[in-house]
Amino acid sequence: MGSSKADNAEREQQILNAAAAVIMRQGYDKTTMRDIADEAGVSRGIMYLHFDSKEKLFDVLFQREVLQYAQTWLEHIEADPRGGSVGGIYRAVLYAINSRPFMAATMRRDRRILGNYLRKPNNIFRSMQSSAVSVGIFQALQDAGVVRKDVDPAVTAHIMDMLSYGLVTIQDFRSPDELPDFDTVMEAIADMMDRLLTPEGGGDSEAGKAVIRQLAATSIAQFEAMSKQIEQ
């Protein structure tokens with residue numbers, strides 16, 4: 001019994017990996033369950049034992065990608081001595097997005113990749129908070145002494161979103177050959193954010209990490225609850 005459950009879980013991940021690869025390559029609209037089955041090396045019968053439709057498969061894929069992105073983001077913050085600063089948080093967000101092409105595509109709401117799924121009523125995108133970096137994070141970081149008290153959290157969150165989305169979508173407007181190295185740009189912006197927002201005398205990075213841990217745990221729990229509602 002235990003082995004069977006493990007085999008099913010492994011096969012489901014195999015199918016989800018295949019779905020991500022095919023959808024990134026040819027887009028959601030052009031992808032069929034047969035395409036995914038062929039990519040995964042399983043029969044369509046096996047596919048339908050795990051997912052009764054392409055739409056359901058994509059829902060589960062997106063949920064998995066968001067949770068894995070969050071884990072990557074948190075691990076990067078924990079490993080970075082400056083991870084609890086605004087620049088450290090920004091650096092971790094962009095690192096996590098850049099290391100997960102599917103998440104970069106979803107952040108851009110890439111119509112070539114996401115296609116008609118974007119028009120699905122009550123899809124996960126419509127239910128998610130639109131802000132990549134919420135106002136609540138900055139308010140909590142201010143309370144913890146990580147961010148200057150004299151900045152407006154709403155304005156700061158908006159600027160951070162503009163920078164995050166801009167860095168991810170710049171290739172839609174400029175040739176990649178014209179762009180500086182991604183990591184170099186990310187580090188420069190993170191440094192500027194720390195210079196701008198860190199309180200005089202320096203902020204407490206460990207206090208910032210504690211804030212992020214707590215808020216991340218709450219956000220992940222809310223996302224998982226929302227995902228279960230959408231599945232029903």
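Mentor: Contact here means heavy atoms within 4.5 Å. The model is predicted: local features need pLDDT of at least 70, side-chain atom pairs count only at pLDDT 80 or more, and totals for chains, interfaces and linings use all residues. Residues are numbered from 1 along each chain as its sequence is written, and side-chain values use heavy atoms, with hydrogens and water left out.

Trainee: Which residues of α10 does α9 meet?

Mentor: Helices are DSSP runs of H or I with at least four residues, numbered from the N terminus. The α9 side supplies Val 135, Phe 138, Gln 139 and Gln 142. Their partners in α10 are Pro 153, Ala 154, Thr 156, Ala 157 and Met 160.

Trainee: At what angle do α9 and α10 pack?

Mentor: Axes are lines fitted to C-alpha atoms over the stretch in contact, and angles run from 0 to 180 degrees between N-to-C directions. For α9 (residues 135-143) and α10 (residues 153-169), the axes lie 8 Å apart. The packing angle is about 125°.

Trainee: How are α5 and α10 oriented to each other, roughly parallel or roughly antiparallel?

Mentor: The axes of α5 (residues 86-98) and α10 come within 11 Å and cross at roughly 30°. Angles under 35 degrees count as roughly parallel, over 145 as roughly antiparallel, 65 to 115 as roughly perpendicular and the rest as oblique. The α5 and α10 pair is therefore roughly parallel.

Trainee: Which residues of α5 make the contact with α10?

Mentor: On the α10 side are Met 160, Leu 163, Ser 164, Leu 167 and Val 168. The α5 side consists of Val 86, Tyr 90, Leu 94 and Ile 97.

Notes. Helix = DSSP H or I, 4+ residues; strand = E, 2+ residues; numbered from the N terminus.
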